[in-house]
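Here's a quick tour for anyone who likes to see the cut-offs next to the numbers. Have a look at the model first.

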Amino acid sequence: MRLTTGPAQCNRLSRPTVTSDMMNQSTEKMWAVVTHLGMMVLGANGIGALIIYLVFRDKSKYIAHHALQATWFFFVFWIAVFLLSRLGPLAYIVAPLGIVAFVMTAIASLNALAGRWYAYPLIGKFVPRAIGD
């Protein structure tokens, strides 16, 4: 089974359709969740999701979509943390920003587990354009 609804219809309410393929739906969901949860467990390291993207980009658009979403989100997150930590009084925003990132990652994981093509707010809509979808 393969999830076939594309990232162009990506929102929190979209439901994928299922067709037969080499990879079943539960396997795709599991890898999509791993891309997001791996970020929380490994301390927001975007390299794991990038590796998952490189491995699955030709095998599953669903996994590739979630892996790129997670990778972009955490690279943008770490750039924001770096810049805010250098701006004196705004450095106090870094801790709440970490909590927001944790919650957003949990939401993305739950959506991936439910089989939804989730896009992170603000940056998620740019990811499909970057990969040409």
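Is Phe73 buried or exposed? At 8% relative accessibility, Phe73 counts as buried, where buried means under 20% relative accessible area, exposed over 50% and partly exposed in between (1.4 Å probe, protein chains only).

## Ground rules

This is a predicted model, so local features need pLDDT of at least 70 and side-chain atom pairs count only at pLDDT 80 or more, while totals for chains, interfaces and linings use all residues. Residues are numbered from 1 along each chain as its sequence is written, and side-chain values use heavy atoms, with hydrogens and water left out.

## Overall layout

The protein has five helices and two strands, and from the N terminus on the order is β-β-α-α-α-α-α. Helices (H or I, at least four residues) and strands (E, at least two) are DSSP runs, numbered from the N terminus. Of the 133 residues, 41% count as buried.

Thr35 sits in helix H1 (residues 25–41) and is buried, at 1% relative accessible area.

## Aromatic pairs

Rings of Phe, Tyr and Trp (its six-membered ring) pair if their centres lie within 6.5 Å; planes under 30 degrees apart are stacked, over 60 edge-to-face, and the rest tilted. That rule gives eight aromatic pairs. Take Tyr62 and Trp117: their ring centres are 5.1 Å apart and their planes are at 85°, so this pair is edge-to-face. Tyr62 belongs to helix H3 (residues 61–85) and Trp117 to the loop between helix H4 (94–113) and helix H5 (127–131), so the pair ties together parts that are 55 residues apart in sequence. Tyr62 is buried at 0% relative accessible area, and Trp117 is buried too, at 1%.

Phe73 and Phe77 show another geometry: with centres 6.5 Å apart and planes at 20°, they count as stacked. Both lie in helix H3, four residues apart, or about one turn of the helix. Phe77 is buried, at 10% relative accessible area. Ring pairs also link Phe73, Phe74, Phe77, Trp78, Tyr118 and Tyr120 into a cluster.

Gly46, Ala49, Ile52, Tyr53 and Phe56 are the buried set in H2. They cover an arc of only 120° around the axis, which puts them on the same side of H2; the arc is that of the directions from the helix axis to the C-beta atoms.

What makes up the nonpolar surface patch of about 490 Å²? It's Ile47, Leu50, Ile51, Leu54, Val55 and Phe75, and helix H2 (residues 46–56) gives the most, with five residues. Areas come from the Shrake-Rupley method with a 1.4 Å probe, and for residues only the protein chains shown count as cover. Ile47, for one, is partly exposed at 41%.

Most residues other than glycine have a negative phi. Leu122 has a positive phi, near 70°. Leu122 is in the loop between H4 and H5 and is exposed, at 74% relative accessible area.

Key: Patches are made of residues with over 30% relative accessible area and no salt bridge: like charges are joined within 9 Å, nonpolar side chains (Val, Leu, Ile, Met, Phe, Trp, Tyr) within 5 Å. A salt bridge is a side-chain nitrogen of Lys or Arg within 4 Å of a carboxyl oxygen of Asp or Glu.
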